[in-house]
Amino acid sequence: MKFSDSLKKNKDFQNVYNNGVSFANRYLVMYVLKNNTENNRIGISVSKKVGNSVIRHHITRLVRESYRLHEDMFDSGLDIVVIARVAARHVGYKEIESAVLHLGGLHRIIKKQNIRIMKKKMESF
């Protein structure tokens with residue numbers, strides 16, 4: 001990831017869960033908390049309820065790639081935790097990408113100049 005680090009420690013995840021704001025859609029839940037740095041940190045959580053390790057890692061890779069390709073659209077200085085829902089096991093990259101951008105829009109963490117681009121992309125989908 002170009003601008004972002006990963007959340008790895010349980011205490012970092014718990015801090016975002018307890019103090020952050022969450023929005024959800026059909027496939028993902030996203031928690032966001034300001035971290036008072038210049039970089040974003042992203043954590044991805046996929047429960048065993050979603051599927052076996054192959055499916056969980058596949059979803060993790062889809063979410064990470066969706067964020068990586070669009071991370072220049074996101075504001076800086078955030079801790080972001082993305083949790084995959086069970087419905088995410090049956091969808092492909094385009095649906096995950098759309099879900100990540102949708103949640104970024106709900107949180108208002110996508111830079112304003114990119115909102116028009118995002119709306120056009122969603123309309124073509």
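The model is a predicted one, in which local features need pLDDT of at least 70 and side-chain atom pairs count only at pLDDT 80 or more, while totals for chains, interfaces and linings use all residues. Residues are numbered from 1 along each chain as its sequence is written, and side-chain values use heavy atoms, with hydrogens and water left out.

The protein chain has 4 helices and 5 strands, taken as DSSP runs (helices H or I, at least four residues; strands E, at least two) and numbered from the N terminus. Along the sequence they come in the pattern β-α-β-β-β-α-β-α-α. Of the 125 residues, 43% are buried, a label for under 20% relative accessible area, with exposed meaning over 50% and partly exposed in between (1.4 Å probe, protein chains only). Among contacts with a separation of 6 or more, 81% come from residues 24 or more positions apart; a contact here is heavy atoms within 4.5 Å. The chain exposes about 7500 Å², with carbon and sulfur atoms supplying 49% of that area (Shrake-Rupley method, 1.4 Å probe).

Strand β5 (78–84) has 6 of its 7 residues buried, so the rest of the structure largely encloses it. Pairing calls for at least two DSSP bridges between two strands. β5 pairs with β3 in the antiparallel sense over 7 bridges, and with β4 in the parallel sense over 5 bridges. Val-81 of β5 ties into both pairings: Tyr-31 is its bridge partner, and Gly-43 stands opposite Val-81 too.

Helix α1 (residues 10–19) buries Asp-12, Phe-13 and Val-16. These cover an arc of only 100° around the axis, which puts them on the same side of α1; the arc is that of the directions from the helix axis to the C-beta atoms. Their cover includes β3 (28–34), β4 (40–45) and β5. Over on the other side of α1, Asn-10, Lys-11 and Asn-18 are exposed.

Helix α2 (residues 53–70) has 18 residues and should span 26 Å at 1.5 Å a residue, which agrees with its end C-alpha atoms being 26 Å apart (expected span: 1.5 Å times one less than the number of residues). Its buried residues are Arg-56, Ile-59, Thr-60, Leu-62, Val-63, Ser-66, Tyr-67 and His-70. Viewed down the axis of α2, they fall within an arc of 160°, so they line one face of the helix. At the start of α2, a side-chain oxygen of Asn-52 comes to within 3.2 Å of the backbone nitrogen of Val-54.

Conventions:
A polar contact is a pair of N or O atoms within 3.5 Å; within protein, one must be able to donate a hydrogen and the other to accept it, and residues adjacent in sequence count only if both atoms are side-chain atoms.
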